[in-house]
Amino acid sequence: MYRLILYIIGFLCPILSCFGQLTVCPECPINTVQSAVEKAEDGTHILIKKGVYLVNDLVIDKKIQIEGEPGAIIDGNEAGGIIIITSDSVHIRGLRIQNVGKSYIKDWAAIKLHKTKGFIIENNHFENVFFGIVVEKSKRGIIRNNTIHSVSESEHNSGNGIHLWHSKMIEIVGNNVSGQRDGIYLEFVDKSRIENNICSDNLRYGLHFMFSHEDEYINNTFMDNGAGVAVMFSKKIKMIRNTFIKNWGSSSYGLLLKEINDAEIKENLFEENTIGIHAEGTNRINYFNNNFVRNGWAVKVRGACFKNIFKQNNFLFNTFDISYQGNLNENQFDQNYWSSYTGYDLDKNGVGDIPYRPVKLFSYIVNRTPETIILLRSLFVDMINFSEKVSPIFTPDNLLDNNPMMREVR
Amino acid sequence: MIKILKYSFYDLMRSRWSYAYFVFYLLLGFVLLFLNNNLDKAIITLMNIIVILTPLIGTVFGVMYYYNSKEFTELLLAQPVKRSTIFLGQFIGLSVSLSLSLVLGLGIPFLFYGIMNSAIILNFITLIFVGAFLTFIFVALAYNIALSNENKIKGFGYAILMWLFMAVIYDGLFLISLLVFDDYPLDQFSLFATVFNPVDLSRILILLKLDISALMGYTGAVFKDFFGTIFGLIASFSMLMLWIIFPLLRIVRKASRKDF
């Protein structure tokens, strides 16, 4: 009988965390987060009640859970980093963490994780942080439903919202990052999933990642950032159903691709960006079913791009559909819908009878001499575009969509 | 002068062509908005039309009106009225009536589609303003040409050529010079080159208002720095003013010396 009770307790313990629950509140015996963490053992659940707690560089090296009640605020008083996690399986949820100090030599963060596994950081609110969440050399963690917001003034004295370095299998889901330098930054991060995040009003990029392979980006929204999303030096990436809106400025773009191989870019929406996609040195990329709406340039293809396939995309009312440098290089345009297509469809099969040339002469000229852009929308330019369309001389004559669709691709 | 202005104005208001012009803009506005249903997009399309068409109409009407009312003008010249008064009166009457057709013709449809409540009201006003300016400028230039040419056909030919030069050929030369002098810093040059052509100047003014400036990269930044400031705006509108004033001065001088 005693044995059975012991078993039951043993079974329920992890769930109820009866290894101890510590409660922190301003009037309790434990009135600082630091002392609670000191007293805790592996498995302890720390509940933080309403109140403001000053915390600086608190190291968590035990497998504990920290949960905040509504109104629990952890304040760094702008004096440095706040929480540093070095243990596996730490959960942090429901806290409001604010006022991380700024530094030009250290990446002070609201929560920094170093060489950990299986962490969960969810439902927290970060306000006025230098770096929000920094993850270094970690595996299998979840960063979910956090809100990170700061007011950054310039790139050199601001930090990133979620910053991952040398990590694997991390899930970043449902976060809302605004007013940082980069919304989400990944470097050497493999096999991770980034889903349903909203990155807006960040100074530099909404999402910035380098040397990261086999990652998935699904359903994210990148809006009003300094320069949208930058993807560099990465392989086997999937970008699906993301939205890139209003990344507008003289050196801005929705999506920058540099040295990317074997990626899938599907069903994304690019709306009102100066440049929808800026591709440089990209190989074997499939662009399927994307919508490009009212961008300055929908797609700018620079040098060294091979075997990219643009299929069944919609190009709607862009100032320039495609800007292209160099030869066709086995890139393909097929079955896209172009709003500026003026051909006809006599056999009524939904496919235009004459091929469409997406590169206009003016776009070619602007590529050569950028100053000529000031002649945009002048009558003369319309005339030379027309004559080039009738008999192409300057633009690559094999760059064409042989099966332009007559209706928008759904 | 007011009397002659009034006479010219009422004369034109009664003429078929003013109505045709007014109805044309009215239809254009409605059709554009009907097809687009998007005020912002409609304004961009409208810009293309205004920048090219108002100068053309101004030119043609200006030349036509001068030659048509020549006999009446000669009658007026026999009266004790100052010559400059007669020609300035005719010029203002003509320009105002054309501008009125433009403002009403486009204003009515856009009012219907709720321009007042939208954020782009300022863009629209700029557009209309620029259109009116272009009308004044090209009527003045056309009057100059007509005054200098007794021969109707020649006058028409020169006037159309003048429009073609401003609207098309100038841009062509501009483009070629940009391509040829590719290796030099060109943004200052292009700034000057646009300021010296009222059509280009108007186009750039509207483009920058519509925030296409971001497309223009570094050159755009130079332009935005110039036209975006109050100083730049005043400078460019005073440049447009100069484009009216100089032809007018020439009209006055030419008219006072001309042997009718």
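**Group meeting talk: charges, strands and patches**

Let's start with one residue: A:Asp107 is partly exposed, at a relative accessible area of 29%. Some terms, quickly. Buried means under 20% relative accessible area, exposed means over 50%, and partly exposed is in between, with a 1.4 Å probe and protein chains only.

A word on the source. This is a predicted model, where local features need pLDDT of at least 70, side-chain atom pairs count only at pLDDT 80 or more, and totals for chains, interfaces and linings use all residues. Residues are numbered from 1 along each chain as its sequence is written, chains are lettered from A and ligands numbered from 1 in the order in which they are written, and side-chain values use heavy atoms, with hydrogens and water left out.

Back to A:Asp107. Which side chain does A:Asp107 meet in a salt bridge? That is A:Lys112, at 3.5 Å from N to O. A salt bridge here is a side-chain nitrogen of Lys or Arg within 4 Å of a carboxyl oxygen of Asp or Glu. In general, side chains of opposite charge can pair when their charged atoms come close.

Next pair. A:Asp182 and A:Arg204 form a salt bridge, 2.8 Å from N to O. A:Asp182 sits in the loop between β18 (176-178) and β19 (184-190) of chain A, and A:Arg204 in the loop between β21 (198-200) and β22 of chain A, so this pair ties together parts 22 residues apart in sequence. Helices (H or I, at least four residues) and strands (E, at least two) are DSSP runs, numbered from the N terminus. Is A:Asp182 buried or exposed? Buried, because its relative accessible area is 0%. A:Arg204 is partly exposed, at 21%.

Third pair. A:Arg294 bridges to A:Glu271, with the closest N and O atoms 3.2 Å apart. A:Arg294 is in the loop between β33 (291-293) and β34 (297-301) of chain A, while A:Glu271 is in strand β30 (residues 269-271) of chain A, so the pair ties together parts 23 residues apart in sequence. A:Arg294 counts as partly exposed, at 30% relative accessibility.

There is also a network. Salt bridges link A:Arg93, A:Glu122 and A:Arg144. How many salt bridges does a search of the whole structure find? It finds 18, over all chains.

Now zoom out to chain A. Its secondary structure comes to four helices and 39 strands. Its C-alpha atoms fill a box of roughly 90 × 50 × 30 Å along the principal axes. Of its 410 residues, 56% count as buried.

Take one strand, β25 (residues 229-235) of chain A. Five of its seven residues are buried, and the strand is mostly covered. Which strands does it pair with? Strand β22 (residues 207-210) of chain A pairs with β25(A) in the parallel sense, over four bridges. Two strands pair if DSSP finds at least two bridges between them. Across that pairing, A:Leu207 has A:Val229 in β25(A) as its bridge partner. β25(A) also pairs in the parallel sense with strand β28 (residues 255-261) of chain A, over six bridges. There, A:Met232 has A:Lys258 in β28(A) as its bridge partner.

Stay with β28. Strand β28 of chain A also holds A:Glu259. Phi of A:Glu259 is near 50°, a positive value in a residue other than glycine. Most residues other than glycine have a negative phi. A:Glu259 is partly exposed, at 37% relative accessibility. A:Asn219 also has a positive phi, near 60°. A:Asn219 lies in the loop between β23 (216-218) and β24 (221-223) of chain A, and is partly exposed, at 33%.

On to chain B. B:Val31, B:Phe34, B:Leu35, B:Leu100, B:Leu104, B:Ile108, B:Phe112 and B:Tyr113 make a nonpolar surface patch of about 810 Å². Patches are made of residues with over 30% relative accessible area and no salt bridge; like charges are joined within 9 Å, and nonpolar side chains (Val, Leu, Ile, Met, Phe, Trp, Tyr) within 5 Å. Accessible areas come from the Shrake-Rupley method with a 1.4 Å probe; for residues, only the protein chains shown count as cover. Helices α2 (16-36) and α5 (83-112) of chain B each supply at least two of the patch residues. The largest share, four residues, comes from α5(B). B:Leu35 is in helix α2 of chain B, and is exposed, at 65% relative accessibility.
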